[in-house]
Amino acid sequence: MTATADRDPGLQPERTRLAWRRTTLTATVVALLAGRQALHSGATPAALVALALSALAWLGFLLVAHHRVSVLDVARPEQLAPRGALTAALCTVALAVFAAAMLF
């Protein structure tokens, strides 16, 4: 047996899984607060567009996070693909931009 076959993953995959879940929860709260702000401010067309785009960004992040959490169940999980990392980063930035757009 090789050292890689006997690898004990320890708690690192569990910590990573929990981090993805916390981040998904945070993105959910941001999207919900953005929706509340959009509807509370009178539901202007611009706010509704920003709300719809926020929902799309949240769904994109949710898909990336779900895929990443499901991959972490094996003893030797694959690395996060650059495309997945870029998607998660873009969704996070998009949520911030759309939330800021709703304020104006």
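This is a predicted model: local features need pLDDT of at least 70, side-chain atom pairs count only at pLDDT 80 or more; totals for chains, interfaces and linings use all residues.

The stops that follow concern the overall fold, a pair of helices, a salt bridge and a surface patch.

**Whole chain**

The chain contains three helices and zero strands, and its pattern along the sequence reads α-α-α. The accessible surface of the chain amounts to about 7,100 Å², and carbon and sulfur atoms contribute 69% of it. Of the 104 residues, 28% count as buried. If contacts are drawn, 79% of those with a separation of 6 or more link residues 24 or more positions apart.

**Helix 1 and helix 2**

Select residues 12–40, which form helix 1, and then residues 45–71, which form helix 2. How do helix 1 and helix 2 run relative to each other, roughly parallel or roughly antiparallel? Their axes come within 10 Å and cross at roughly 170°. An angle over 145 degrees counts as roughly antiparallel, and helix 1 and helix 2 therefore are roughly antiparallel to each other.

Now show side chains where the two helices meet. On the helix 1 side, the residues in contact include Arg17, Trp20, Ala27, Ala31, Gly35 and Leu39. Helix 2 contributes, among them, Leu48, Leu51, Trp58, Phe61, Leu62 and Val69.

**The salt bridge**

Stay on helix 1 and select Arg17 together with Glu14. The structure holds one salt bridge. Both residues belong to helix 1 and are three residues apart, about one turn of the helix.

**The nonpolar patch**

For the last stop, select Val49, Leu53, Leu56 and Leu59 and display their surface. Together these residues make a nonpolar surface patch of about 350 Å². Centre the view on Leu56, which is found in helix 2. Why does Leu56 count as exposed? Its relative accessibility is 56%, and exposed means over 50%.

Terms used. Residues are numbered from 1 along each chain as its sequence is written. Side-chain values use heavy atoms; hydrogens and water are left out. Patches are made of residues with over 30% relative accessible area and no salt bridge: like charges are joined within 9 Å, nonpolar side chains (Val, Leu, Ile, Met, Phe, Trp, Tyr) within 5 Å. Accessible areas come from the Shrake-Rupley method with a 1.4 Å probe; for residues, only the protein chains shown count as cover. A salt bridge is a side-chain nitrogen of Lys or Arg within 4 Å of a carboxyl oxygen of Asp or Glu. Helices (H or I, at least four residues) and strands (E, at least two) are DSSP runs, numbered from the N terminus. Buried means under 20% relative accessible area, exposed over 50%, partly exposed in between (1.4 Å probe, protein chains only). Axes are lines fitted to C-alpha atoms, for helices over the stretch in contact, and angles run from 0 to 180 degrees between N-to-C directions. Angles under 35 degrees count as roughly parallel, over 145 as roughly antiparallel, 65 to 115 as roughly perpendicular and the rest as oblique. Contact means heavy atoms within 4.5 Å.
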